[in-house]
Amino acid sequence: MTDPSTAATGAAVTTAAGEFVTAAEHVEAPGKPRSLASDAWHDLRRRPLFIISALLIALVLLMAIWPSLFTSVDPNYGDLARSRQGPSAQAWFGYDNQGYDLYARTIYGSRASIIVGISATLLTVLIGATLGLLAGYYGGWLDGLMSRVADVFFGLPFVLGAIVILSSFRSSGDASATEIIVLVVLSISVLSWPVCMRIMRSAAIAAKQQDYVKAARALGASTPRIMVRHLLPNTIAPVLVYATIALGAFIGAEATLSFLGIGLRAPVVSWGVMISDSRDVIRVAPHILLFPAAFLTATVLAFVMLGDAVREALDPKAR
Amino acid sequence: MSDTIIEVRDLVKHFPVRVGVLFKRVVGHVRAVDGVSFDLKRGETLGVVGESGCGKSTLAQVLMRLEPATSGSATFEGRNMLTMKGSELRKLRRDIQIVLQDPYTSLNPRMTVGDIVGEPFEIHPEVAPKGSRAQKVRELLDVVGLNPEHINRYPHQFSGGQRQRIGIARALALRPKVIVCDEPVSALDVSIQAQVMNLLGDLQTEFGLSYVFIAHDLSVVRHLSDRVAVMYLGKIVEVGTEEEIYEHPTHPYTQALLSAVPVPDPELRDQRQVIRLEGDVPSPVDPPSGCRFRTRCWKARDICATEVPELVTRVGNHPSACHFAEEKSVVP
Amino acid sequence: MATTQSEVDSVAVDGVPGAPLLEVDDLFVEFRTRDGVAKVLNGVSYRLDAGETLAVLGESGSGKSVTAQTIMGILDMPPGVITGGAVRYHGVDLLKVSARRRREVRGSGIAMIFQDALSALNPVFTVGFQIEEQLRLRRGMSRRDARKRAVELLDLVRIPNPAGRVRQYPHEFSGGMRQRAMIAMSLALDPEVLIADEPTTALDVTVQAQIMDLLKDIQVERNMGLILITHDLGVVAEVADRIAVMYAGRIVEQSDARSLYRRPGHPYTRGLLDSLPRLDLKGTELTTIKGLPPSLLRIPSGCPFHPRCPRAQDICEAEVPPQHRPAPGRLSACHFAEELINGE
């Protein structure tokens, strides 16, 4: 912590290719001042990756909100006579073990999966990123305290922790679907935020040492301003990457909890429930696993692509 | 109005050295700035030179109120600037600004140039009404020699010299009276360095600025400074006008420092007398007793280890903190 | 190219028997980046003899370090691509020999030291171990002999208490000591050529003087060829025998040190010298070179310096200036080289 006059190290040539192409010669129209957000949006609209992923996500969201737009079949009407039948003209995806229509169930299942995935991700990132930013920026005892608390949560095994939370907070066997979803989301977030916090904390520590933060402080910028204008845009990238990966993992975690019998269960339909239902018959009727798994994968992929596109759009250097 | 704009007396900044994970123990102090006094006059440039670890950048941080001082006083236009709070501190921020060394990290990579140079107005909205800000930013870019049309560009689209100009524009935005320049040209190439130095000189004349100009390059400091303070391990060892320091140095450290600067003239190669200092600068955690330079000084005697030499005029007409101060011309 | 520099060069040094120690001949390197092809080196030629100090002077992006990395064979490829030219060590083109032979030359033939000694040394091994490792692997020395030699080497670079210092880690060394340790490491295999890439840029003036003295002494003692890459005109004036000035991937001027400072043969060199603040006088306004160095993605036509040159004429935009020989032992890639050196 002495004076950081590292002399003229910056004057040396590095071999990074970027060094040779720094001259500013981008085509641009003079005029209204723009901001990072408007530039990012402008950039996103022209990215095929973004458009494809946004369309996919919109489709899935539509399925989750109005499943009846896509199918008129009742997902919970089972007929054992057609158990495990393969795809046909009447049932595009075939029937499962109980004789439920897989297409209808996949459509209806999107709602619970999407709600759990998105809510858990949002909550995790919100808790983790906020605490991480505070801990990283303020440092000192606050950082010490928060990091230790995070360590405690981090030390809990996920499945064990979820079992404890879910089994002790679920009032009884007849809990409503909403209640279970809320509990599942909460238990996932409570057990996952330390990862996000650590990512944010280290990014914030790196960013707060940059000279532009010093310059902003010298201008008299308030702490919220420094956090929102200077730290957040420069630390959000790794969190976004984590969030997109976490989203997929959380939808999967919901499936795991269902499988263990402490998550969602019939009559609630979710991709996780469907996948866990297929486990016994996977050899004889692989299509029961295939369709929900394919939807799950496509959704997760769409979010990963979206996160990637947003991350790049928020980095002026990557444009 | 008084002639002196900033008056610093016995300024001390110690950083505690802590060990431990949760319960940190203080095991010592880095004496980064250890009793520094100087005056900055209106419209002048005070150069501060010294090697890395001498405390010159910490001095800048304390003056900018980025780090609290451990003890000592500093006044700005007669008011104690180290204890200011709230609106008074905000007013001080408008009067003292800083230009930082590294043009690559001193600009937020995710803000446009317009946002960077306009940020001072957002923080101090009373300076410029909202509608006039874009125009003001364009004017500032023009003043520092950048194309005002470039407000929508990002820092990475500029070269090092241009980025340093952006940093200067940001510092100028609030029309400060004093600018602390912390190694503003040391990361730049020679040809660009000259351009930025000329710009700083022109701006001083145009806006009547006072500079505290911190650098390790003695030639750069001489070029811009009216008076020069030489620092070693947290203390000023010699201070005087640019001519007194460069032509008539009296402190052995100043002499060694000056003699070690390579002169860009091969003809002088064998004629120059370089005073070779042995070893490295001691750790500021545990500086030598008495005179801090004594461990590397060829003149050191017993008294140097026991008595701290005061910064007073002993020979010539400027102060020097050496028991055996003696004028010696070393610049060819 | 009409006349390559090496042809002119070989005329200049006519009569020297045998191949030169190190010769860079018409080297072309490109960096293929996402934004396009950056022409980093565009026909760089220079040579180095034993016991000689060649200073390669240039600003960021001039290609001075890339040339050195190409010589050493440590250029990052991709994005770098060598598109032409040769690097001859004792007459053998290193760009054509096998990777194994190349590795043999590295260290024992040509060694390199870097600006940032802290990142060039591995933080998890002791300084001694890093020196010994080379000796044991390449010279087949025993542990004990290697340790003995490492201590000798640290002593050679004037590190006090070398026997104790070999057991320490790089972070326990100060900046100057680290740079010394790196020099010791580079000398371990007795190279004939030492390339020093900005060896003193990160150091303080007083330490810088110590390191330059050390390098100079070692070079004289061992009759090594030294390539000093730097942007510091002061350091160059202190130690260089010959100077090559680079701009936008080309060598724009080559000369012995004294003549270059007395009478620069290229407007760029003159601009650099004029824009230096001087320790011995307080100037008012520095003479600057207007504008910025070009982007290597779009190097100007003709002479790459013409948009910034105070003497530029129409010919400068139209024609790439060949390497003129305005005076014995001097080369200048300027259409008006003769006027610059002899005129006025």
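Among contacts in chain A between residues at least 6 apart in sequence, what percentage join residues at least 24 apart? The share is 71%. This is a predicted model. Chain A holds 10 helices and zero strands, whereas chain C has 14 helices and 11 strands. Much of what follows concerns the sheet of chain C.

**Chain A**

- From the N terminus on, the elements of chain A read α-α-α-α-α-α-α-α-α-α.
- Chain A has 319 residues, of which 42% count as buried.

**Chain C overall**

- The radius of gyration of chain C is 21 Å; a compact globule of 344 residues would have a value near 20 Å, so the two agree.
- Along the principal axes, the C-alpha atoms of chain C fill a box of roughly 65 × 50 × 45 Å.
- Buried residues account for 54% of the 344 residues in chain C.
- Of the contacts in chain C between residues at least 6 apart in sequence, 63% link residues at least 24 apart.

**The sheet of chain C**

- Seven strands of chain C make up an open sheet with mixed pairing, in the order β6-β7-β8-β3-β9-β10-β11.
- β6 and β11 (331-332) of chain C are the edge strands, each pairing on one side only.
- Strand β3 (residues 53-57) of chain C pairs with strand β9 (residues 242-247) of chain C in the parallel sense, over four bridges.
- Within this pair, C:Ala55 stands opposite C:Ile243 of β9(C).
- β6(C) and strand β7 (residues 193-197) of chain C are likewise joined in the parallel sense, over four bridges.
- Here C:Ile113 of chain C stands opposite C:Ala196 in β7(C).

**Side chains of strand β6**

- In a regular strand the side chains alternate between the two faces of the sheet.
- In strand β6 (residues 110-113) of chain C, C:Ile110 and C:Met112 point one way, while C:Ala111 and C:Ile113 point the other way.
- All four of these residues are buried, although β6 of chain C is an edge strand.

**Helices on the sheet**

- Helix α2 (residues 64-72) of chain C lies across β3, β6, β7, β8 (225-230) and β9 of chain C.
- The direction of α2 of chain C is at about 145° to β7(C).
- Helix α8 (residues 175-187) of chain C also packs on the sheet, where it touches β6 and β7 of chain C.
- The direction of α8 of chain C makes about 170° with that of β6(C).

Conventions:
Residues numbered from 1 in each chain as written. Chains lettered and ligands numbered in written order. Predicted model: local features only at pLDDT ≥ 70, side-chain atom pairs only at ≥ 80, totals over all residues. Helix = DSSP H or I, 4+ residues; strand = E, 2+ residues; numbered from the N terminus. Rg over C-alpha atoms; globule rule 2.2 N^0.38 Å. Buried ≥ 20, exposed ≤ 12 C-beta atoms within 10 Å, placed from the backbone. Contact = placed C-beta atoms within 7 Å. Pairing = 2+ DSSP bridges. Axes fitted to C-alpha atoms, helices over the stretch in contact; angles between N-to-C directions.
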